[in-house]
Amino acid sequence: MNTIVNEAGAELELGQIKSEILRVFERQRATALRLRQSGKAERIAKIRKLKAAVLANREAIIAAGFADFGKPAAEVELTEILPVIAEANDAIRKLGSWMKPKKVWPSRLSVGTQGYMQYEPKGRVLIVAPWNYPVNLSLGPLVSALAAGNTAIVKPSEMTPHASAVIGKILREVFVEDEVALFEGPAPVAQALLELPFDHIFFTGSPAVGKIVMAAAAKHLTSVTLELGGKSPTIVDESADLAMAAQNILWAKFTNNGQTCIAPDHVYVHASVKDAFLQHCIAALEQAYGKDVQQAESPFLARIVNERHAERVKALLDDAKARGARVVTGGQADAGQRYIAPTLIDGIPDDAKIMSEEIFGPLLPIISFTELSAVIARINADPKPLALYVWSRKQANIDKVMQQTTSGGACINHCVVQFLHGNLPFGGVNNSGIGSGHGHHGFLAFSHERAVVRGRIMLAKMFYPPYTATTRKLISLFIKTV
């Protein structure tokens, strides 16, 4: 195939795109070498310019969010603009301390030397961003890449063309292409980028595509950060503040119409409080979006990104109902309008597709439990999730969940705010991701920690050949004392 078709239906010459990608990639080589010597002032200046451009294009970003998702302005500001500004400000304030070489104490085998870690740019990096939060997940990692002193090529998703256009406008305003460049287009464009020997790839998306990225990176031994997804479980035990839990869980779930990698995927609720919890959920939904048919007209509810994904979410709902699941509230669906109502589902059998596939939409399974150990066993039987949420006022229950499960991140009596905590690493584990980002952890993701040892007292000469009985005695002594 010599041509590809973009989201707008335009034909693009794949060969020309590949040539252009290679041209820019080669141009960034010299810049990447120069940036090895870049200082704090140069890097901060770039981040300040990027931040200013984001703020100057604030209304355009809001308009793009509405055009691509029907997303309300407040939601765009909260989930797309605010995290990027926070990331930029954090880097501006702290970059000097991040860049400073870190001294380490000598170990017993390195007495007489001085050791430190020197933070170096990895070089030319690729940032592949998803469609669900296109501005946030393109420019947030870019801040980290700039802080670490790299060049970057950014590949946003073709499924959000309005956001991609604004991202491109911002990057062209701020950078020349040998510093930061952007390439748009469908899968063949991403594939062409992945063929190149980047020094690091930062990918956000699904586990299935993450495996493709990792396989491509392996051909060049390129390091990767993979921010993936999965089915993030939520536990509400019998001691939880049900009203608070319901309101917070539903906010976390239905923001961006459920198209959030760390959204609660399903909720385990203790049987003794399930009915009360469901009533609190219904009340919270009505307060946020109106009753029943009013929700379809709510200005506060985003839409599914496209008709194909709406059909996929609807199919999960239809399959669950066909297998005997009960819709507690919601259930209305119009794939042509990219609308799926906020839906709570009860009584879902284990063999329903919704129990094994990542939902990534406004469907929330409610699962009753009586023994916390059984819930933990179910969580541990599934791939490790990106997030886990537990609602409880019993410290023993909280400790049990936190000690006997694993996840990329977790919240206790809260949901999704781990993404906004700039001093914590954000990332997954195994199926839900490799590596982490945000703040200092993002700087480290795009940096090489170079180990440097400087000789002071040459004790190693005790071990130079020719080896003697004394040499062997010294070695034996070290074996016993190190």
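A residue counts as buried under 20% relative accessible area, as exposed over 50%, and as partly exposed in between. The structure described here is a predicted model, and with these cut-offs leucine 459 is partly exposed, because its relative accessible area is 34%. Leucine 459 lies in the loop that runs between strand S22 (447-455) and helix H15 (469-481), and together with Val111, Ile457 and Met462 it makes a nonpolar surface patch of about 340 Å².

Phenylalanine 369 can be set beside this residue. Phenylalanine 369 belongs to strand S16 (residues 363-369) and is buried, since its relative accessible area is 7%. Leaving aside residues up to four places away in sequence, phenylalanine 369 touches Ile235, Val236, Asp237, Tyr268, Val269, His270, Ala271 and Val375.

One of those contacts, Val236, leads on to strand S17, because valine 236 stands opposite tryptophan 391 in S17. Strand S17 (residues 387-391) is largely enclosed by the rest of the structure, because five of its five residues are buried. Both of its faces are covered, with Ala387, Tyr389 and Trp391 buried on one side and Leu388 and Val390 buried on the other. The pairing of S17 with two other strands is set out below.

| Strand paired with S17 | Sense | Bridges | Residues standing opposite |
|---|---|---|---|
| S10 (residues 233-236) | parallel | three bridges | valine 236 and tryptophan 391 |
| S18 (residues 409-412) | parallel | four bridges | alanine 410 and leucine 388 |

Which residues of H8 are buried? They are Pro207, Gly210, Val213, Ala216 and Ala217, and what covers the buried residues of H8 includes helix H7 (187-194), strand S8 (200-204) and strand S9 (223-227).

Key. Residues are numbered from 1 along each chain as its sequence is written. This is a predicted model: local features need pLDDT of at least 70, side-chain atom pairs count only at pLDDT 80 or more; totals for chains, interfaces and linings use all residues. Side-chain values use heavy atoms; hydrogens and water are left out. Patches are made of residues with over 30% relative accessible area and no salt bridge: like charges are joined within 9 Å, nonpolar side chains (Val, Leu, Ile, Met, Phe, Trp, Tyr) within 5 Å. Accessible areas come from the Shrake-Rupley method with a 1.4 Å probe; for residues, only the protein chains shown count as cover. A salt bridge is a side-chain nitrogen of Lys or Arg within 4 Å of a carboxyl oxygen of Asp or Glu. Buried means under 20% relative accessible area, exposed over 50%, partly exposed in between (1.4 Å probe, protein chains only). Contact means heavy atoms within 4.5 Å. Two strands pair if DSSP finds at least two bridges between them.
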